[in-house]
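Visitor: I would like to learn how to read a protein model, one feature at a time. Could you guide me through this one?

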Amino acid sequence: MTSKIRHVTIDCADAYALGSFWSKVLEQPLHEDDHPGDEMALIEGAGLLFITVPDAKTVKNRVHFDLQPQDRSRDEEVERVLALGATLVDDRRNADGTGWAVLADPEGNEFCVERSAAERGE
């Protein structure tokens, strides 16, 4: 018998707030049972479970998300996600259009925005 990954669990200071941020980024809803103040929040379609813990983030993530925009360019996606509350950590975009941008969510978890498939010529 095999196993499957049911959720990727993300420890955070405020599960509902961080889950809401990622819900907007991914344009997928939080579970209907999730509400402000809840200790857990789930984006079921993405398999992301946010859990409130007392410990603060102190070091770089060992695992991070690489986002690939589906209906917009990398740069448009970077601007959209920044407007949702992310911060730019490291701009690795190159003048020739290659590269990526490293951002952080509102709790400091790093993630990357890569070029879209169209920008890659796929």
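Visitor: In the hairpin of strand 2 and strand 3, which residue takes a positive phi?

Guide: Please keep in mind that this is a predicted model. In this hairpin, where 4 residues lie between the strands, G47 takes a positive phi near 70°. The strands themselves, strand 2 with residues 40-43 and strand 3 with residues 48-52, run antiparallel and are joined by 4 bridges; among the pairings, L42 has L49 in strand 3 as its bridge partner.

Visitor: Which residues are buried in helix 2, and why do they line one face of the helix?

Guide: The general idea is that an α-helix has 3.6 residues a turn, so residues three or four places apart point the same way. In helix 2, which spans residues 74-83, the buried residues are R74, E77, V78, R80 and V81. Because these buried residues fall within an arc of 165° when seen down the axis of helix 2, they line one face of the helix. They pack against helix 1, strand 6, strand 7 and helix 3, and just after helix 2, G85 takes a positive phi of about 125°.

Visitor: Is E110 buried or exposed?

Guide: A residue under 20% relative accessible area is called buried, so E110, at 18% relative accessibility, counts as buried.

Visitor: What does the side chain of E110 make a polar contact with?

Guide: E110, which is found in strand 7, makes a side-chain polar contact with the side chain of K57 at 3.5 Å, while a polar atom of the E110 side chain lies 3.2 Å from the backbone nitrogen of N61. Leaving aside neighbours within four places in sequence, E110 is also in contact with residues including H64, F65 and V102.

How values were computed. Residues numbered from 1 in each chain as written. Predicted model: local features only at pLDDT ≥ 70, side-chain atom pairs only at ≥ 80, totals over all residues. Heavy atoms only, no water. Helix = DSSP H or I, 4+ residues; strand = E, 2+ residues; numbered from the N terminus. Buried < 20%, exposed > 50% of the residue type's maximum accessible area, 1.4 Å probe, protein only. Polar contact = N/O pair within 3.5 Å; in protein donor to acceptor, adjacent residues only side chain to side chain. Contact = heavy atoms within 4.5 Å. Arc of directions from axis to C-beta. Pairing = 2+ DSSP bridges.
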